[in-house]
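Have a viewer open and try each task before reading on.

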There are 2 protein chains.
Amino acid sequence: MNSYHVTLTRQGRAVTSASDEIVLARLREIVGDEHVLIDPEKVEPYAQDAVKEKFPPEAVVLPRDADEIAAILRLANERRFPVTARGGGVGYTGGAVPVDGGIVIGTDRMNRIKEIHADDLYVITEPGVTTYALQQAVEAHNLFYPPDPSSYKNSFIGGNIAENAGGIRSAKYGVTKHYVLGLEVVTPTGEIARVGGLTSKNVVGFDLTGLICGSEGMLGIITEATLRLLPLPEATATVRATFRTMTEACACVPRFNRARVTPVAIEVLDRNAIRAVESEFAFGFGEDAGALLLVAVDGHADEVERASRVVEEVVKDGGGFDVLRSGNREEEEKLWDVRRALSPAIKKFGTMKFNEDVVVPRSRVPELIEQVVEIGKRHETFVVNFGHAGDGNIHVNFMCDRDDPDAMRRARAAVRDTFAVSVNLGGTISGEHGIGYVKAPYLDMALGASTIDMMRRIKQALDPNGILNPGKMFV
Amino acid sequence: MNSYHVTLTRQGRAVTSASDEIVLARLREIVGDEHVLIDPEKVEPYAQDAVKEKFPPEAVVLPRDADEIAAILRLANERRFPVTARGGGVGYTGGAVPVDGGIVIGTDRMNRIKEIHADDLYVITEPGVTTYALQQAVEAHNLFYPPDPSSYKNSFIGGNIAENAGGIRSAKYGVTKHYVLGLEVVTPTGEIARVGGLTSKNVVGFDLTGLICGSEGMLGIITEATLRLLPLPEATATVRATFRTMTEACACVPRFNRARVTPVAIEVLDRNAIRAVESEFAFGFGEDAGALLLVAVDGHADEVERASRVVEEVVKDGGGFDVLRSGNREEEEKLWDVRRALSPAIKKFGTMKFNEDVVVPRSRVPELIEQVVEIGKRHETFVVNFGHAGDGNIHVNFMCDRDDPDAMRRARAAVRDTFAVSVNLGGTISGEHGIGYVKAPYLDMALGASTIDMMRRIKQALDPNGILNPGKMFV
C-alpha cells in the first residue's frame, strides 16, 4: 500500500476485492485456469510501468478475445472490482498500473496481425502486437506505419492507441490518432462496440475512434485496431549539426519550412544532454557545443538528396558547425547514435528520472529550455533537455536519487514549475506520455474547470460504476 | 410543418417556444436588438441548407462572441427551447437546419481571422470565416490549409469542423479533423470550454477536440478554432486520362502508390457522369469513355515533374487513353474544368438530386459503382457517380423530379439500397456529409446498437436537456 492507493480509493469508486474465491472462479471459467495469475511472482511484472512504482494487482487475467474481455467487464460491474488494461507496460504516467487494486487484463495473448491490405493501405491488428512487429510486418509489403514512440520495441499497439503515442516522426507524420481508422472496443459496462471503420473518410456519428484514442484505457478496452498505412518512402537521409546556443539551433526549424522542406524529424539536444553523452561515450563534442540538431528527411531518392542538401545549407547559414550529412543508410544510423546514447548516458546522474514531456509552440522551445535550466538551478536538480524541436515536444529530465527524500521533493517542485512555464508559453503538460496517476494532480494547471467537467461527464456516462482504470486522470 | 417536424418533436426533447416575448426580450438583451431576426423574410435564408427543405426557425440570433452564445444557451436551458448553430448553411444532411424549431445561432458576425503563426504553423480563427477566405489568408504567408470541401467558397470553418469536412485533397492530406489543434466551444449547458491547444502533440485528458470535430453541432458550438497549417507546396500538376471501364481506371490507384507517388487527389467520373458533361459542354469525349481519372500531384517543382510523369506512365500502362498532363497552372486549371462542369451538367436530369457520399475501401470502388448502376436500373432512376477514387468516397447522385411522388419514392429506395451495398463492401453511409436528419433513419445500417448507445450516452451527458441541435443523428 502506498499513499496513492489510500488517496484514490477515498473517491468512492469500485473497491470491492477481486480476489475473493467466487470472483476468481468466474474469471477462470471465462479465460481458463492457466490464464488467471495470482501467484505474487507471476503478478509482479504487471505491477508497474516505466515509472517503476509498484501497485500489484489482485489478479492478472490473460484473455484471448473481445468476448472474454466483455464477460470479465460484466462480472466486474456485477461485483464492482476495478479493471485495468495493460499493453507493453512501458508508459511514463502509470496508465496501465492498477493503483486502485482489482485485476489487470494483460493483452499479451492478443498478438495477431490479422490482415494487411496493401492496395487499400490499412492493417487490422490485435492490440498485443508490438509497434516494432507491426512496422516490420507492413514494411515487408513496402508499407509504412509512421508513429514511432521510442519504446517501440516493447510498446503494444493497443497501448499506443490508448495513450495516443507520439514519437520522433511526428514533425511530418503526426501522431497515433492520425492513423487509427477504426477500433473494436469493449465498453466499461461489457458491451462490444465497433467504432470507425476501414476508411479515412467516415463521418457516421460522433468520432468515438478519436475519443477512445488517448483515453488512457478509461473509456474502453481496445480489442482490435484498423490502422491507416502509407507507401514506404524510398529513401531517408539525416543531417547532424552542432550550435553554440539552443536559440540558434531552434531558429533553423521554421527555416526548413520556408525552404519548402518538411523534415520527418527534427531532434534537439541541449548542452547538458550533449555533456552527458560526451562524458559517457566520447563522441568528440567540444565545449562550444551548446545544442545539437538531428534533421531527417524522407521521400523519393532524388528528393531526399535535394532536401538534405537544403537542410545542410540552412543549418550552416544558421550558425551550425561540425555539420554531417549521411550519404547512405549506415552513415545515417551512425549519426543517430548520439540520440540513442542519451538514455543510458543520463542514468548516472540519478536513480530517479522525472521524465516529463511538455510541449510548447515550437518557436518557444528556446525560452522553455532557458527557463527549465533556471528551474533546475533554483531547485538544485540536474536537468537534461532533449526532444522533438519540430513539434515543440521536449523531454525534460530532472535527475535525482530515489532514496533522498529532499532531492525527490526538490525534483517534484521543479516538475511543477516546468509545467507552469510550459502552460505560460502556450503549451501544455504532456505531448506524448498522457496523464495517468502521475500527472493527475497537475491536470487543472492545463485545463479549465469546464473542460475537465466535460471529461468527467463522459467518463461517468460510459463507466457509471467507475470500473475501468480508476484512479487516473482526475484527482 | 412537415412530417420530420412531427416525428421529431414526439421524442420528448426541448419543445418550448422560443418566440414568446420574454425569451425574445432576453435574447435582445444578450446580443442587441438588431441581431435578433424574427421577420419571416429575414429568417427564411436560415431555414434550409443544400437539401432545400425548409424548417424556418422561430428566431435567428447573431451573436458576436462566446460570452453571448453562452448566455443564449443558459437561457435555452432555463426556458427549454432548441438551439441550432449554423455556418455557411451548405451542408447536405440538414445539420444546420432547426427541424425541431427554436432558434438558429448564425455565426456570420464571428468572421475574424485572429492570428497567423507562420513559424509555428497554425492559425487562430473565428468560426464564421469561409474556407476559401482562410485558405487565401494563409497562402499569402506561403502556408497551406489542405481541407477543401467543394463548397469551400461558401462553407464556414465552423461548419467544416462541426461536420469534419473532407474534400478532394484528402487522398494525401486527410480530412478536417487532422488539422484541428484546439477549439473554444460553448457547451450545450452554456459553459465556455477550451479543448486541445496550439500544438499537434497534446495528450492532456480525453481528446475533446476530436470529439467536437464531426459532432454536427450537437455537443457544443465552436466559437474559435486553432488550425494546423503546412508549408505551401511549391508546384502542382494534373494528369487526365480516359478509360474504357471503371475497373481499369480504379486499378491505377494502388499502382501510383506502388510507384511511390502519393497523389494529392485522384478523382473519378463514371460513364453517366462523362455523358452528362459531354452532352452539356461538348468536351469531346467519345462513346468509348467509360471512366475518367484526374490525378493531381504537388510538392517541390522537380518532384512534381517526376511524379506527374510517373502518373502519366501508370495510367497509360493501365489502359488510359487521351492522356493529358499539365505543364503549367493554366493547363492544369483547364483539365479540372470537366470536374467543375459536373454539377451544372447533371441538373437537367432532375429537380431533385439525392447526393449521397458513401465510402468504401478504395479497391471496392468498381464493385460499388457497378452495383449502384444496377440499383439505378432496378428503381428506374438515373444515377451519376463521381468522386474521390483515392480514398473510396464516391458521390452517388440519384436524379428525379421533386414533384413526382413515385419517382421520389423510387429514388429513396435506391438510396437505401446504395447504403446497404456500401456497408456490405466494408464501407459506410457517409464519408463527408454527416448524418443530420437526412441520414438519421439509416444510422443503424452502419453502426451497431452498442456503438449508437455510446453516442447517445455522450449526448445525454453533455446536453441533459436536449437543447443543442435536436432531431439529428438519432431517430
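**Exercise 1.** Find which residue of chain B meets the side chain of Lys201(A) in a salt bridge.

*Solution.* Start with the rule: a side-chain nitrogen of Lys or Arg lies within 4 Å of a carboxyl oxygen of Asp or Glu. The partner is Asp391(B), at 3.1 Å from N to O. Next, widen the view: the rule finds 8 salt bridges across the interface of chains A and B.

A note on the model: it is predicted, local features need pLDDT of at least 70, side-chain atom pairs count only at pLDDT 80 or more, and totals for chains, interfaces and linings use all residues. Side-chain values use heavy atoms, without hydrogens and water; residues are numbered from 1 along each chain as its sequence is written, and chains are lettered from A in the order in which they are written.

**Exercise 2.** Work out how many residues of each chain are in contact, and what area is buried between chain A and chain B.

*Solution.* First, count contacts (heavy atoms within 4.5 Å): 85 residues of chain A touch 85 residues of chain B. Then take the buried area, the accessible area (1.4 Å probe) lost on putting two parts together, summed over both. This area is about 6,800 Å², with carbon and sulfur atoms giving 63%. Finally, look at chain A: Lys201(A), Val203(A) and Phe206(A) lose the most area to chain B, together 14% of what that side buries.
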